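Below is a briefing on one structure, grouped by topic.

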Amino acid sequence: MSEDFINELRNTLDNGVVSGADIDARYYHDLAGNPVPKPRAVVRPRTTEDVSVLLRLCHREGVPVTTQGGMTGLVRGALPNANEIVLSMERMNSVEEVDASAGVAIAQAGTPLQKLQERVEQDGLMFPLDLGARGSCTIGGNISTNAGGNRVIRYGMTRDLILGLEVVTADGTVLKGLRKYIKNNTGIDLKQLFIGSEGILGVVTRAALRVFPAPAERQVALCALPSFGQVMAFLKLARQSLGGELTAFEVMWNAYYRLTVERVKGVAGPLPIHHPFYVLLEASGSDPERIHADLEKLLETAMGDNLILDATLSTSNASAATIWRIRDSSVELGRTFPYTARVGFDVSLAIDRMEEYADTIVSRIRAIDPHAFAIVFGHAGDGNLHVNVHHEHTPDKHDEFEKLVYDITGEFGGSISAEHGIGILKRPYLKMSRTEEEIETMRTLKRALDPKNILNPGRIFTV
């Protein structure tokens, strides 16, 4: 990549190109704080046409591009490789339209998730995708990894919330698929190719998103349980009792709850820290009195059936936020431990195997390091666990712990990535969740849509 090419970009994309000493560190650091070499240039488009022009020029020269959103990923998917240009979507951050009658919002890909949530709330609506990084993660990033978050049990993954996409392909072609309706059986549903593909097939620039009437009431309960068997029984009872009112069902092993309360500043635990398991349950709907009554009845029944040992119910939005703060503090908790001696995992597996899976991990990591321990929590309602392994006494064994946990995940028939994607860090383990035939089919799509391999090269797999 010559300096002449950088100058051509600068002349073509007025005020949208940063290079050299002017490149801020945020473009080559990720959420973990690990730096990579500075990219040759950072391009910050304002329009879809800007993106199209950039990719057309990069395709002509065979210059690789890595697309960035909020930089909250955990799999090194958005950090640039050597000699790549960064395409930052930070200036394309507008909520362009909210159509309450159709239940649709149009947002640019660089729009922070929380900004979209707050905008649609002004019209009495909600965008149900929600996760702890809501303040910094972007809609484009959510789409690229098919993010799940806290309310999958009711509203599904990001894929279920997309009506249409505008996408720029590797050669600068703009696919204008920004449609605002659900039913569209007119051939191959092209938007599905780009959801969850981590930017390797095209750059999402705008999205038509499903929004819903905001619930009049949202109640949150935190419960303590004696065993994982009771967690599963409580989930079954909650589904039966609350039906569509059940919005979230999050499980926390003791270590997660106890250490978060003890180590994360500003987090208060409304229940004692000695119980084996904790469940955060959310119910929401249009009838406040019924929601409250249904949730109280559920807790009374669960207590009477010896499913839960203790419980607290939110009495206000502030108390609900306090309970959610516990579950949303996983990143803050991780930062209280040495980074070089911890490794995080995001897996899916059958709910009835979660306890055995976690116990197997604890047993086998201690065979490597007797002082190692695991912190486990996740979205039990949709089969997603997050496992953080800490091995402060053996920081040199990071790769050994990583391989061990992925091997165990394979043994249990699970997915190595439930919602964070593959990026570069998980690429060696992709074959544990996908067959060779599936991976080769992915490569075929990549070669067809990006023949010069310029879009996020090396992510998910190599070509």
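**Briefing**

Isoleucine 460 is buried, because its relative accessible area is 7% (buried means under 20% relative accessible area, exposed over 50%, partly exposed in between, with a 1.4 Å probe and protein chains only). The model is predicted, so local features need pLDDT of at least 70 and side-chain atom pairs count only at pLDDT 80 or more, while totals for chains, interfaces and linings use all residues. Residues are numbered from 1 along each chain as its sequence is written, and side-chain values use heavy atoms, with hydrogens and water left out.

**Positive phi**

- Isoleucine 460 sits in the segment after α14 (436–449), and its phi is near 70°, a positive value in a residue other than glycine.
- Arginine 76 is not a glycine either, yet has a positive phi of about 55°.
- Arginine 76 is placed in the loop between β3 (65–68) and β4 (85–88), and is buried at a relative accessible area of 18%.
- Helices (H or I, at least four residues) and strands (E, at least two) are DSSP runs, numbered from the N terminus.

**Helix packing**

- Helix α1 (residues 3–12) packs on helix α2 (residues 48–61) at an angle of about 160°, and their axes are 11 Å apart.
- This makes α1 roughly antiparallel to α2 (angles under 35 degrees count as roughly parallel, over 145 as roughly antiparallel, 65 to 115 as roughly perpendicular and the rest as oblique).
- On the α1 side, the contact is made by Phe5, Glu8, Leu9 and Thr12; on the α2 side, by Val53, Leu54, Leu57, Cys58, Arg60 and Glu61 (contact means heavy atoms within 4.5 Å).

**Aromatic pairs**

- Over the whole structure, a search finds 11 aromatic pairs (rings of Phe, Tyr and Trp, the last by its six-membered ring, pair if their centres lie within 6.5 Å; planes under 30 degrees apart count as stacked, over 60 as edge-to-face and the rest as tilted).
- One of them joins phenylalanine 234 and phenylalanine 249 in a tilted arrangement, with 5.8 Å centre to centre and 55° between the planes.
- Phenylalanine 234 belongs to helix α7 (residues 228–242) and phenylalanine 249 to strand β13 (residues 246–253), 15 residues apart.
- Phenylalanine 234 counts as buried at 0% relative accessibility, and phenylalanine 249 counts as buried at 1%.
- Phe228, Trp253 and Phe277 are linked into a cluster by ring pairs.

**Serine 314**

- Serine 314 lies in the loop between β15 (310–313) and α10 (317–327) and counts as buried at 3% relative accessibility.
- Leaving out residues up to four places away in sequence, serine 314 touches Arg218, Gln219, Val220, Ser319, Ala320 and Ile323.

Notes
Axes are lines fitted to C-alpha atoms, for helices over the stretch in contact, and angles run from 0 to 180 degrees between N-to-C directions.
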